[in-house]
Structure formats: structure tokens, C-alpha cells
Amino acid sequence: MSVTRRQLLAGLAGLGVIGFSAGGVRYWLGRPEDVATHDYELIAAPLDVELVPGFKTPAWAYGGQAPGLELRCRQGERLRVRFINRLSEATTIHWHGIRLPLEMDGVPYLSQLPVLPGEYFDYDFICPDAGSFWYHPHTASGEQLGRGLVGPLIVEERAPSGFRHERTLSLKHWHVDKQGAFTAFSVPREAARGGTPGLLSSVNGTHNPTLELPAGQVVRLRLLNLDNTLTYRLMLPGVEARIYALDGNPVEPRPLGKEYWLGPGMRIELGVRVPEAGREIPLRNGPLRLATLKSVASSETPGSWPPALQANPIAEPDLSRAEKMRFNFEWAGAVSVGVEQGGAHSFWQINGQAWDIDDKSCVERPIATLNKDGHYIFELRNLSQYQHPIHLHGMSFKVLSSNRKTITPYFTDTYLLGKNETAQVALVADNPGIWMFHCHVIDHMETGLMAAIEVV
Ligand SMILES: [Cu+2]
């Protein structure tokens with residue numbers, strides 16, 4: 001990426017305010033009033049998009065796009081985003097995977113008050129780790145993420161990575177019908193099972209696109225699962241692909257193999273050797289095509305495989321003195337008494353406790369308290385028939401082992417816990433605060449599968 005954020009902003013400032021008229025003028029990109037105070041001005045606003053040809057879908061967008069504008073920052077540098085809410089309801093932004101101070105974490109009533117319509121909030125934090133991250137609201141998540149409020153945040157390495165080319169692919173299924181109208185983001189009987197899936201796949205907001213890649217080059221593909229529900233079984237048959245990073249953290253490069261299961265919220269970075277010009281490579285979710293990668297002629301000298309990416313500065317847990325804690329993820333199947341009054345269903349529990357998204361006091365009852373700078377091993381036990389991508393805010397953890405598969409230990413912020421799987425993960429509790437610990441199947445999170453973990 002050769003363009004700096006300030007150059008980008010200078011470009012945007014030259015455009016001034018962009019708006020369009022459809023039931024009143026709705027602005028989504030604005031001129032930063034003062035580039036000395038922020039690098040991006042990010043507006044959330046309604047935006048009609050054409051997901052189904054010939055039909056409009058009333059999406060919600062960040063920076064005039066759904067999925068949202070790709071934000072970029074350099075490792076170790078400060079990212080300053082003035083977030084402006086032009087939606088008709090309150091929202092926040094959570095920066096998934098970024099190890100940041102609690103007051104920048106975007107959790108309503110814990111990190112900050114919700115940003116009301118017409119208000120703005122200045123997010124300002126250092127990005128300590130290089131990798132592929134993303135951002136989304138932590139309010140009314142089923143609908144807000146479902147309508148498109150999800151976007152990539154790319155933290156570039158301090159030094160060149162060795163990749164000359166890269167692409168970001170934001171994966172999302174949309175809850176729309178054949179006329180592009182939204183369907184229910186959450187259906188109780190689905191929430192109690194695997195989550196409510198959308199039916200229309202998209203990559204960067206387009207159904208089944210063709211993406212051109214330069215022949216002969218090794219291209220870095222950043223694949224982000226920004227979906228509410230679906231675990232993608234990613235396949236890239238007929239091409240040489242190596243895994244360089246998982247969920248924002250480098251791994252020793254290894255072949256992608258037949259498939260990789262990418263749960264909601266998770267990311268994978270691949271190096272892909274682009275074959276000779278004219279070849280088409282399907283990017284598939286199991287048997288279903290998500291996109292076509294098309295090789296086009298390139299005058300560049302052929303690229304070579306870059307070395308492993310530099311590890312991020314995450315504290316190494318000392319397993320010999322780590323304290324063990326157990327977390328059970330269970331199906332509860334109870335329907336809360338408040339449902340008839342419009343309250344949330346309660347289908348899921350962590351250690352016997354269901355989170356109630358309507359009860360602001362839940363954050364006052366953390367399910368675990370960790371000592372600052374203490375070392376911990378979490379045993380994550382899935383006692384259900386559905387998989388759960390388990391995400392922790394504020395800190396990254398190291399996946400150690402699983403009773404269902406062989407693990408090469410790696411750092412992550414989200415672990416896809418398979419059905420009836422038990423996995424061990426470890427961390428140093430080096431970030432004080434109260435941190436959300438939840439399943440990233442939004443339906444599960446909103447029907448109980450969330451908790452708070454305190455670090456003091
Ligand atoms: Cu789940």
C-alpha cells in the first residue's frame with residue numbers, strides 16, 4: 001500500500017461531501033474538518049445497494065460501502081477515526097482483534113455510551129499487531145451487521161512483507177429474498193441451532209464476482225469472514241496456496257490443503273501463486289462458488305514466495321505456572337419469561353449463565369476475574385451439537401490443543417470450537433478491563449452465548 005492515509009484523505013477532501021438523493025439527501029463521506037485530530041472520518045448511513053440485479057436492498061454502510069470502507073493503519077501507529085452516526089438508531093464500533101484500551105472497544109454501556117443518531121465519537125488507539133482485522137457495531141448486532149455494517153481494518157507491517165500484490169476479500173451472506181428485500185436476521189428456531197443463515201453470498205458486496213489477479217505473481221489474499229452466522233469451508237482448488245496468517249497473526253507458511261473452516265469473525269491470509277494468464281480459479285465454500293479468481297497477463301517478473309511474516313508482540317503465556325479455568329458452552333433451551341414482552345430468547349449459556357442483551361447490568365457480573373499479568377489456560381468445552389467461534393476482546397490467546405484435531409499452536413482472537421470439542425487456549429492477562437467473551441454466531445451471542453471476563 002503506497003498511499004498513506006493522509007494522502008487518501010487529501011483525495012477525499014478534494015471531493016468534498018458526497019451525497020445522493022433518495023428520500024432525502026443522505027451523506028456518507030465527508031470532509032474531515034481537521035486532519036490534525038483524526039485520520040478517517042467514517043460515516044454510517046443508509047445506502048441502497050444492488051445485490052440482486054435490478055433490485056435495491058436498503059443496506060447500512062460505512063463510508064459509502066457495504067461491507068464498509070477498508071481502513072488501513074501501520075503497525076505500532078495510532079489509528080484515529082471520527083465515527084459519525086447518520087443512522088436512525090444508536091450504534092458503536094468494535095475493532096475486532098485489536099488489542100486496545102477498554103474505552104475504545106465499542107461495547108455499549110461498558111466502553112462508551114451508544115453513539116446516538118447525529119452524534120459522533122472519536123476512536124483513537126494504537127494498533128500493536130499487523131494483520132487482517134475488522135470492525136462492526138456491538139449494538140443490535142443481528143440487524144446492524146446483517147444490513148452491512150462490517151468492514152475490514154488492515155494493519156500493515158512496519159517493514160515490507162515481501163508481497164507485492166494483495167487483495168482483501170470480505171465474505172458475507174445477505175439475508176435477502178429474490179427481490180433483494182431483507183428477510184429476518186434472526187429466527188428463534190434457527191438461533192437455537194446453528195444460527196439464521198443469509199441465502200445470498202457475496203465477496204466485497206458482489207454476488208459471485210470475478211476478481212483479476214496478475215499472472216505469475218504470488219498474491220496475498222486476505223479472506224475475512226464478516227458473516228453473522230456462516231462458517232465457510234474455503235477451498236481454492238487447482239492452485240498453489242499457502243497459509244501465512246490466521247486471524248491477524250502470522251503462522252509458519254504451510255499449504256492450504258483441501259479446505260479451511262473459517263468461522264464468523266475469523267480471517268485467513270493466503271499466499272497464492274497465480275497461474276498463467278487466462279486461467280480461472282474458483283474460490284469455493286464447499287461445493288458452492290463464492291468468486292472466480294481470473295489470471296490476467298502481467299509484465300512484472302515472476303514473484304517468489306515471501307518468507308514467514310514477523311510475529312506480533314503478544315506476551316507468551318508460561319504454561320508451567322498458568323492457572324486453569326474451565327468454560328462450558330451449552331445449549332440451554334429455555335425461553336426467557338420476558339420474550340412475550342419483546343425480550344430476548346435465551347438458548348445458550350456459558351458456565352450456566354446466559355447473557356441478556358437487554359440487561360445493561362450483565363457487565364457488572366463477570367464470569368471470571370483474572371489477575372493483571374497473570375498466566376491462564378482456558379479449557380473451552382463445547383457441550384452442544386453446533387460449532388461456536390469463540391472470541392475474546394482486548395487480548396489475543398494462544399491455541400494449544402484440542403481433543404478433536406491436531407493443533408500447531410498459534411495466537412488468535414477467535415477459535416472455532418467444533419461440536420462437542422474441548423480445546424485448551426492460554427493467555428497472559430495483560431490488558432486491564434472488562435472484556436466480552438462470546439460466540440461470534442450473532443444469533444448465539446444475542447440469545448445468551450456471551451459473558452464478561454474481568455482483568456484487574
Ligand atoms: Cu455459537
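Modeller: We can go through confidence, the overall build, the sheets and a few single residues.

Colleague: What should I know about the numbering and the cut-offs first?

Modeller: Residues are numbered from 1 along each chain as its sequence is written. This is a predicted model, in which local features need pLDDT of at least 70 and side-chain atom pairs count only at pLDDT 80 or more, while totals for chains, interfaces and linings use all residues.

Colleague: And what is the mean pLDDT of the chain?

Modeller: The mean is 89, and 89% of the residues reach 70 or more; pLDDT is the predictor's confidence in each residue, from 0 to 100. Over residues 1–31, however, the pLDDT is below 50, although this stretch has 43 contacts in the model beyond near neighbours in sequence. A contact here means that the C-beta atoms of two residues, placed from the backbone, lie within 7 Å. Where pLDDT is low, the predicted coordinates should not be read in detail.

Colleague: How many helices and strands are there?

Modeller: The chain has four helices and 32 strands, where helices (H or I, at least four residues) and strands (E, at least two) are DSSP runs numbered from the N terminus. Among contacts between residues at least 6 apart in sequence, 72% join residues at least 24 apart.

Colleague: What share of the residues is buried?

Modeller: Of the 456 residues, 47% count as buried, which means that 20 or more other C-beta atoms lie within 10 Å of the residue's own; with 12 or fewer a residue is exposed, in between it is partly exposed, and the C-beta atoms are placed from the backbone.

Colleague: Which residues have the most contacts inside the largest nonpolar core?

Modeller: They are L223, V425 and W435, in a core of 114 residues. Strand β3 gives the most to this core, with seven residues. A nonpolar core is a set of buried Ala, Val, Leu, Ile, Met, Phe, Trp, Tyr and Cys residues joined through C-beta atoms within 7 Å. Leaving aside neighbours within four places in sequence, L223 is in contact with L169, L171, L234, L262, R267, I268 and L270.

Colleague: Back to β3, then: in which sheet does it sit?

Modeller: It belongs to an open sheet of four strands, in the order β4-β3-β6-β8 and with mixed pairing. The edge strands are β4 (57–62) and β8, each of which pairs on one side only, and the twist averages 20 degrees from one strand to the next. Two strands pair if DSSP finds at least two bridges between them. Angles run from 0 to 180 degrees between N-to-C directions, and the axes are lines fitted to C-alpha atoms, for helices over the stretch in contact.

Colleague: Which way do the partners of β6 run, parallel or antiparallel?

Modeller: β3 (residues 40–49) and β6 (residues 78–85) run parallel and are joined by five bridges, with Y40 opposite V81. On the β8 side (residues 120–126) seven bridges join β6 to an antiparallel strand; there R82 stands opposite D122, and R80 has D124 as its bridge partner.

Colleague: What about β9, how many of its residues are buried?

Modeller: Six of the six residues of β9 (131–136) are buried, with G131, F133 and Y135 on one side and S132, W134 and H136 on the other. Strand β7 (residues 94–96) pairs with β9 in the antiparallel sense over three bridges, and Y135 is the bridge partner of W95. Strand β10 (residues 151–156) is joined to β9 by five bridges, also antiparallel, and W134 stands opposite P152.

Colleague: Last one: what is the strand order in the six-strand sheet?

Modeller: This open sheet runs β23-β22-β25-β30-β27-β28, with mixed pairing. β23 (348–350) and β28 (410–412) stand at the edges with a single partner strand each, so one side of each is left without a neighbour in the sheet. Neighbouring strands are turned by 30 degrees against each other on average, direction ignored. At the β23 end, three bridges join it to the antiparallel β22 (residues 323–331), and W331 has W348 as its bridge partner.
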